[in-house]
Amino acid sequence: MPFSEILGQEKATDYLKTLVKNERVPGALLFYGPAGVGKAKTALEFAKALNCLDATARAQGEACGECANCKAISQQIHPDVIFADFLYQARLTVKKDFESSSYEEELEKELAKQQHINIDTIRDVTAKAQQKAVGNGYKVFIIDEAQSMQGAAANALLKFIEEPPAKTVWILITSKRSAMLRTILSRCQSLAFAPLSQENIKQILQDNQLDTQYTDLCAKYSCGSIQGALKADGALALLQEAGISATGCSPQGPAAVVAELPRTLVASRQETQAVLDVLLQALHSAWVSAPTDNEQRRYTHILQQFENYKRSLTRNVSPALVLETALCSLDGLNLPLFETEN
């Protein structure tokens, strides 16, 4: 995909194209911004542009998308471009052969456990950074969820991004720049990625054939990211199936929603978080349009309650209990949950 197909990030992609055209590429870059706005896709596109075999495309700061290097990077099999994320880390942990009948099952279980980029993964990637390049382009090492690196992992990476060899680029991707070590931040050139517009969200969902039941509502409740849009779609389906409406919910509604939550704690917490996020945005819209001061104060009180419910999820309170309590507190409210913006 050329840079022009990465919607909503023109400022970032124009800058990267300039770097490719001028052949003045920093040794370490930090891509930061909300999750699900195209940072990883942009990093891979940048790696393609740096290694594209088509000199005409490269002179324009782009990748042709058709040469052997571009295709290999798209498939993440190019030996000089490493994309280290939780899936990459899980694969390092699962030692079975790829052809093993139990490999995919074990990989899925291991992936569900991933919370931090650990020091063994950083050691694996930095070892590859010291190997001779296979091609004549750039060696590119992309670390996703970089904010999850703990002290030892971050420190192990530090010396490699301080003074990388010529034609070696490190790209760290994060949705939580404030959680990064200052020593890491000071050695990276930062590049901001903006939240996506609702029109961008709808276009990306359509272009990638991402199946959503409530496309317009997904864009409305997406918080500017594709990840948010997909989470909102699941939350809306759950709420509608349980009979949650603009005037509250039926007596059986909260229990029906809770009954549909996943069995595992991590997945249940994520689903509850998604539902609360959608309801918070609907509550905020209702607060903005409240016709009287009394109603606005009521919505203010409910919004404060919902912020407490979200905090409870981080304190090992049962997601089912949090969600059922939150839904019960909506009874009698005029909540424009399933209304699209005019």
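Colleague: Is Ser 268 buried or exposed?

Modeller: Buried means under 20% relative accessible area, exposed over 50%, and partly exposed in between, with a 1.4 Å probe and protein chains only. Because the relative accessible area of Ser 268 is 7%, Ser 268 is buried.

Colleague: On what basis do such values rest?

Modeller: This is a predicted model, in which local features need pLDDT of at least 70 and side-chain atom pairs count only at pLDDT 80 or more, while totals for chains, interfaces and linings use all residues. Residues are numbered from 1 along each chain as its sequence is written, and side-chain values use heavy atoms, with hydrogens and water left out.

Colleague: Which residues does Ser 268 touch, not counting residues up to four places away in sequence?

Modeller: Ser 268 has its place in helix α14. Contact means heavy atoms within 4.5 Å. With residues up to four places away in sequence not counted, Ser 268 touches Leu 261, Pro 262 and Pro 319.

Colleague: How many helices and strands has the chain?

Modeller: Helices (H or I, at least four residues) and strands (E, at least two) are DSSP runs, numbered from the N terminus. Along its principal axes the C-alpha trace spans about 65 × 45 × 40 Å. The chain has 16 helices and five strands.

Colleague: Which residues touch the most other members of the largest nonpolar core?

Modeller: A nonpolar core is a set of buried Ala, Val, Leu, Ile, Met, Phe, Trp, Tyr and Cys residues joined through side-chain atoms within 4.5 Å. In the largest one, of 78 residues, the most other members are touched by Phe 46 and Phe 306. Helix α14 (residues 265–288) gives this core its largest share, nine residues.

Colleague: With which residues is Phe 46 in contact, leaving aside its neighbours within four places in sequence?

Modeller: Once those neighbours are set aside, the contacts of Phe 46 are Phe 3, Leu 16, Leu 19, Val 20, Val 25, Leu 29, Val 169 and Ile 171. Another core, of 27 residues, lies apart from the largest one, and its members include Ala 146, Ala 154, Ile 184 and Leu 185. For Phe 46, the list of contacts runs from Phe 3 to Ile 171.

Colleague: What kind of aromatic pair do Phe 31 and Phe 193 form?

Modeller: Rings of Phe, Tyr and Trp (its six-membered ring) pair if their centres lie within 6.5 Å; planes under 30 degrees apart count as stacked, over 60 as edge-to-face and the rest as tilted. The structure holds four such pairs. Phe 31, in strand β1 (residues 28–32), and Phe 193, in the loop between β5 (189–192) and α10 (198–207), are 162 residues apart. With 5.1 Å centre to centre and 40 degrees between the planes, their pair is tilted.

Colleague: By about how much of the helix are Phe 306 and Tyr 309 separated?

Modeller: Phe 306 and Tyr 309, both buried, form an edge-to-face pair with 5.3 Å centre to centre and 70 degrees between the planes. Because they are three residues apart in helix α15 (residues 293–313), their separation is about one helical turn.

Colleague: What does Tyr 15 count as, at 29% relative accessibility?

Modeller: Tyr 15 is found in helix α1 (residues 10–22). Leaving aside neighbours within four places in sequence, Tyr 15 is in contact with Gln 189 and Leu 191. Because its relative accessibility is 29%, Tyr 15 counts as partly exposed.
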